Amino acid sequence: MTIEEMKARKQALGLTNQDIATLTGVPLGTVQKVFAGITTSPRYGTVLALEKILGDDNVLMQTAPDEESAKESIREDLKRELVMYAKLMDEKGLVNTMEGNLSIYDRAHDFLYITPSGTRKSLLDESMIAVMHGDRQIDGTLKRSSEYLLHLAALKNRPDANAVAHLHAPYLTAYAYCGKSIKVNCSTTFALLFEEIPCLPYGMPGTVRIAEGIDEAIAEHDLILLGNHGAVAVGADIEYAVSLVEAAEEVLKIYSYAKQIGDVVDIDPDDLEELMEKHPSSRRNRMRRRFN
Ligand SMILES: [Zn+2]
C-alpha cells in the first residue's frame, strides 16, 4: 500500500491519527508525520503496522474501546516506549545513572512521562516511569527527574514537539564544558540537520535557572547545548529526538578523528548555503514548514 492509498483508506474509514496510533502501537508523532506528508519514507516496521490495520475490514470494530481503557493503553504504550529508549541510550553511553533523562509528552491530556531521578537506565521498568501533571507527580514508583522543569520549558516553546531527550553525550557535552556553540562546515549531515548547535550559558541543574534562555534557542533549533552540562533535543517523537543526538555525536566523533589526521577541508560556503536552502529536509526548511 502506498502512503497515498493509506491516506485514502484512513479517510474512508474515518479513523483519526490517535485511533491509528492506538491500534498499531506506532507512536502518535510518527503517525502524524506520515499522514501530514512530513515523513515520506517511513520505516519498514511502521509501514507493515499501518498496512495491517488499514487493510483490515474489521478495523472499525476495534476502534470504540471505552475511553478509560483507551487512555490506559496510551499510558502503557508511552511508558514502554520511554523505557526502551532509556535503555538504548544507556547502552550507547549517552546517559548514565546520575545524568540524562528522556520524556514523552501526551499533550491531549497534559501528562509528561519522564525517567526517574538517579536510577540506572538499564534497570528501569514501566512502573518506575514518573507521570507529571503540571508540577504534580501522579504515577510512578520513583521520584521524577529533577530536570523535568527543563523538559517542560522545551516543550512549551515547541508546540510541534512531543518528546525531549536530555543527554550527556560525551562529544556534545565536551563542547558544553568549553561553552562553545558548534558549527561544523565539513559535514553535509551536520549542515542539513543542525546548521548550528547553540550553547547556552550555565544554569544550576534542578532549578528553573537551568531552563533560562532555552526559549529562543529551542524555538529555532532542535538540538541545543546547556553550558557546563549536556545536550537537549526535541522531536515530534522520542525516536526523532534521540536520533538527532546520535547523529550529532557521530559527526563530532569523526570530526575529532579528522582533526588528528590533518587539516579539515570545509565545504565551500556557497555550496553549503545552497544545500541548506534547497534541501527539503534541511533545518531551515523544516522550521519554515512548522510555521506554514
Ligand atoms: Zn542533566
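Two strands count as paired if DSSP finds at least two bridges between them. Helices (H or I, at least four residues) and strands (E, at least two) are DSSP runs, numbered from the N terminus. The model shown here is predicted: local features need pLDDT of at least 70, side-chain atom pairs count only at pLDDT 80 or more, and totals for chains, interfaces and linings use all residues. Residues are numbered from 1 along each chain as its sequence is written.

View 1. Eight strands line up in the order β4-β3-β2-β1-β5-β8-β7-β6, with mixed pairing. Because β4 (136-139) and β6 (199-200) each have a single partner strand, they stand at the edges and one side of each is left without a neighbour in the sheet.

**View 2. The β6 and β7 pair, with a helix on the sheet.** Here β6 meets β7 (residues 223-226) in the parallel sense, over two bridges. Look for L200, which stands opposite L226 in β7. Helix α11 (residues 238-261) packs on the sheet and touches β1 (101-106), β5 (163-167), β7 and β8 (230-235). The direction of α11 makes about 140 degrees with that of β8 (axes are lines fitted to C-alpha atoms, for helices over the stretch in contact, and angles run from 0 to 180 degrees between N-to-C directions).

**View 3. Where the two domains touch.** The domain assignment, automatic or from a database, gives domain 1 (3-62) and domain 2 (70-290). Seven residues of domain 1 and 10 residues of domain 2 take part in the contact (C-beta atoms, placed from the backbone, within 7 Å). Helix α3 (residues 28-36) supplies the largest share of the domain 1 side, four residues.

Definitions and conventions. Contact = placed C-beta atoms within 7 Å.
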